[in-house]
Amino acid sequence: MVEMNINRRQFLKLTGATAATLAIVELGFNEKEVYASSKELKIAKSTVTPTICCYCGVGCGILVHTKNNQVVYTEGDPDHPVNEGKLCSKGTTIRQLYTTEKRVLKPRYRAPGSSEWVEKDWEWMYERIAKRVKETRDASFIEKEGGIVVNKTERIASLGGAALDNEETYLLSKMMRGLGIVYLEHQARI
Amino acid sequence: MTNHWNDLQNTDCALIMGANPAENHPISFRWLLKARENGGKIVSVDPRFTRSSSQADIYAPLRSGTDIPFVGGMIKYAIDHKLFHKEYVAKYTNAAFLVKEGFDFKDGLFSGYDEATRSYDKTKWEFETAEDGTPKRDETLEHPRSVFQLMKKHYSRYDVDTVVNVTGTPKKDFLKVCDAFCSTGKPGKAGTIMYAMGTTQHTVGTQNVRAFGILQLLLGNIGLPGGGINALRGESNVQGSTDFGLLFGDLPGYVGAPKAIPEHATLKGYLEKETPKTSYWTNKPKFLVSMLKAWYGPNATKENEFGYQYLPKGNKNYSHMMLFNTMHKGGLDGAFLFGTNPVVGGPNAGKEKEALSHLKWMVAVDLWETETSAFWQKEAGSDPSKIDTEVFLLPACSSFEKEGSVSNSSRWMQYRWKAIEPKGESKADLEILNGLATRIKKLYKNESSPAAEAINALHWEYGGHGDHPDIDVVCREINGYDAVTGKLVENFNALLDDGSTVCGNWIYSGFYPEEGKNLSKRRDNKDTGGGNFLNWSYAWPMNRRILYNRAAADPSGKPWSKDKAVIWWDGVQKKWTGYDVPDFKAVVAPTEPGGQSPFIMMKDGVGGVFAPSLNDGPFPEHYEPYESPVPNMFSRQESNPTIMIFGGSFNKRGDRSKFPIVGTTYRVSEHWQSGSMTRNQEWLSELSAHMFIEMSEELAEEKGIKNKDKIIVSSARGEITAYAMVTKRFKPHIVDGKKIHQIGMPWHFGYKGFATGDTANRLTPHIGDANTTIPEYKAFLCNVRRAD
Ligand code: SF4
């Protein structure tokens, strides 16, 4: 048997409340009853917000249950015409996008030549990035090419955006093209 | 997708080729299974017996990179057995058009090829026109220069024996597929083709899709319920992000980005060159001017060409591989990355990682530390002290920690509400973009250089509080409004080219037609007929669910069959009516001019069997992949003669003598793309924890490899180590009498996250399609050996 990256115990610890459900099931209780009651307990008095799965292009509906500023449960949206409450493994585990310890919670900065990240505040990051963008853009800006006004910089690129919301992709496209960026690409190509 | 997920239930036959929806779009399969309950058939064509194959009625294997022979053979089968829908073909496609004298095809090349530039003179492929400029036609389809006859001749070479000799498909399986799918050519029947990256990620990717298009037009399957050509999108909003102009060549709404060419020097010149004389695109000036008003606001005036000159004009291909090639040569100083991880997902990923170290600065916006934002770390195999790139990692929040809409494969623009505050200090990308834009603009405020002028002119007023814009203001700008009164426009029919309307993306115009009615928020799930759910969210354009639906009715406006009715002409009401929003001018009668031309976005109003605008030919022709285990049996042209080839160390080419095995990449259900959104989660990481290489029992035996052995896969680009997964799902292909092995591997893995493994894309080449430059991930050469 090949080594797992996380062993069963770590896995149970990591997944908190759900682990209890799994453990009870393993002891041989009626799975359906336990599932139903545990579901009730966890989501009692929670706030339910509809969302759309962030993974593939099927666009399944998901209900997010929140309570005390935690995501306590997620489930397929039974009212959604495409998935009618069903989800695949990715949609099912969407709650862990919030609960996982791997999330980056503060801006991180890596100086040239450094071997580590340093946490910084947002304002510091914004201002330093803006300065670097301006520096590069000013040094490389091409106003005219063969007599034609071209207003571009070919030394800055922007990549990605297929997981962003429409409103975000709109602002991204407007901002990058507004800056004169022509190396503008995203995952539709790859 | 021309059609949509729920519509799959209406199909009589689904041909799944270059996709594996049971694995990668699992919930979509519910609708295919529904179709089968209604008597429909599922056909899977794939190099590997996939999860979709296991659910199919018919399975046919083929060697990666031989889709055109396969589909070309089906086209020939449909013609030879007269299974095509003759009236549809004659009336609704350009099969009846005559091609100018001089058009020719010889030994793999169409007329007009220039070897020095590796390109075609496309004027050699033009239609013969009548005095009024419209193409001459022969609806009997008998004229030797008619598209139909030229097509028939072209595919006469794709006979069954040649085809199966090239593809390695057992003859009986190939014939079963032909028989099942071509039976949908009858009126009253509809077949759908479902494809994904297995189709597009080839040096002939565009022509693979074109071959589907020809077949579907021949069988009269476009515009019908249960029909269409359906690209299964792999990412929740790759549809929307493309619609909004995140590929270099297109502004929002597929209006071409201006180029540094004399014809584009002015707005007037651009519009003259780029506005066709026919089709709905005659409205392009309204779309572009309204977009310029949205981008430059009060700074867009008639006097300054509505700010047209502020838009950057490129002079070359800036797509992904060119971008990394330039970066590798030190031609780029800075880069923004929004939720993307090319060190795992990019082709020839080892080179792409190297390229990053040439940047002076990089801004990564992500939920995680990815292999890309951490490319400078020791764990990445780098020496941090030698890398001078300044890296900024800005934490983004997840999709349910913010609000906004995404467009699924069906073009449904669905709203997502905010369930919880962003975790920690993470923020919505909307806020991050606004934060960056406002600060950059502030630095230029008091300057007047040309660089300053262009960015100062950009209109950026989104209200809200702090850095977070008011999303409603963004939505209004996308939909469009009256420049003076601010009143929302009903849809894109209201747009004008005189600067009096504002609209950020015309194809979405109509989703927010009046105050308080953002239609992407609709949740009425009553089936309005045909499974179209017209009151659930909003489908662009104009809430249409089935594109080209006029073609589901015969020229006189009656449905071809009652079973497959979508819209029809109502002579009493004098308008098109039915179960969907007509993809047609609703009041144009079949007897009026244009009333029988269902493809309103196409120049001639018909579907293109012959495509004179593509770079590599008007008909799909087989060329072997850039790296192929065998010579091309169709002509002396080994690979696509119009692909762009990078020289030097950036892209080493593997030879079949050293690398005799075909390699391909794929995905598993539990992971997603480069894995950053799934390998950072506990459950999915446990469900699918390891990088593996899948191979046949035959190859394993030849190489002395057992299941779960550690093995090394090598290509001209690099080597990776992984576990062997020996299965019956791969079988050697018999190609021209020789045994050709193929292996497959997931491309999700990297060294970050809970589930780690070597990156498959270290093996894939920097070579791409002749039209889109999408990399050829799906067919490359490699070799395997045991690790010990
Ligand atoms: S739940 Fe699965 S099938 Fe549905 S959208 Fe998410 S990833 Fe796709």
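This is a predicted model: local features need pLDDT of at least 70, side-chain atom pairs count only at pLDDT 80 or more; totals for chains, interfaces and linings use all residues.
Local features need pLDDT of at least 70 and side-chain atom pairs count only at pLDDT 80 or more, while totals for chains, interfaces and linings use all residues. Residues are numbered from 1 along each chain as its sequence is written, chains are lettered from A and ligands numbered from 1 in the order in which they are written, and side-chain values use heavy atoms, with hydrogens and water left out.

**View 1. Chain A.** Chain A has seven helices and eight strands. Helices (H or I, at least four residues) and strands (E, at least two) are DSSP runs, numbered from the N terminus. Chain A holds 190 residues, and 57% of them are buried. Buried means under 20% relative accessible area, exposed over 50%, and partly exposed in between (1.4 Å probe, protein chains only). Among contacts in chain A with a separation of 6 or more, 34% join residues 24 or more positions apart. Contact means heavy atoms within 4.5 Å.

**View 2. The interface of chain A and chain B.** Here 123 residues of chain A are in contact with 172 residues of chain B. The size of an interface is often given as the accessible area lost when the parts come together. For chain A and chain B the buried area is about 13800 Å², with 62% from carbon and sulfur atoms. Buried area is the accessible area (1.4 Å probe) that two parts lose on being put together, summed over both. Arg177(A), Arg189(A) and Ile190(A) supply 6% of the area that chain A buries against chain B, more than any other three residues.

**View 3. Polar pairs between chain A and chain B.** The rule finds 100 residue pairs in polar contact across this interface, both residues at pLDDT 80 or more. A polar contact is a pair of N or O atoms within 3.5 Å; within protein, one must be able to donate a hydrogen and the other to accept it, and residues adjacent in sequence count only if both atoms are side-chain atoms. Helix α6 (residues 122-140) of chain A gives the most to the side of chain A that touches chain B, with 15 residues. That side divides into 57 nonpolar, 32 polar and 34 charged residues. Ala, Val, Leu, Ile, Met, Phe, Trp, Tyr, Cys and Pro count as nonpolar, Asp, Glu, Lys and Arg as charged, and the others, Gly among them, as polar.

**View 4. Salt bridges between the chains.** The interface of chain A and chain B carries 14 salt bridges. A salt bridge is a side-chain nitrogen of Lys or Arg within 4 Å of a carboxyl oxygen of Asp or Glu. One pairs Glu447(B) with Lys134(A) at 2.8 Å, N to O. A network of salt bridges links Arg128(A), Arg132(A), Glu135(A) and Glu390(B). Over all chains, the structure holds 58 salt bridges.

**View 5. Domain 1 against domain 3 of chain B.** Chain B is assigned domain 1 (5-231), domain 2 (320-444) and domain 3 (661-786). These bounds come from an automatic or database domain assignment. The C-alpha centres of domains 1 and 3 of chain B lie 28 Å apart. In this pair, 25 residues of domain 1 are in contact with 29 residues of domain 3. The two domains bury about 2100 Å² between them, 49% of it on carbon and sulfur atoms. Arg48(B), Gln201(B) and Thr203(B) supply 31% of the area that domain 1 buries against domain 3, more than any other three residues. The rule finds one salt bridge across this interface. Arg48(B) and Glu694(B) meet in a salt bridge at 3.1 Å, N to O.

**View 6. The loop at Thr50(B).** Thr50(B) sits in the loop between β2 (41-45) and α3 (51-54) of chain B. Thr50(B) counts as buried because its relative accessibility is 4%. Its side chain reaches the backbone nitrogen of Ser52(B) at 3.2 Å. Leaving aside neighbours within four places in sequence, Thr50(B) is in contact with Asn20(B) and Ser44(B).

**View 7. Salt bridges within chain B.** Arg476(B) pairs with Asp472(B), the closest N and O atoms being 3.7 Å apart. These residues are four apart in helix α19 (residues 471-479) of chain B, so about one helical turn separates them. Arg476(B) is buried at 18% relative accessible area, whereas Asp472(B) is partly exposed at 28%. Asp104(B) and Lys106(B) form another salt bridge, at 3.4 Å, N to O. Asp104(B) is partly exposed at 30% relative accessibility, while Lys106(B) is exposed at 59%.
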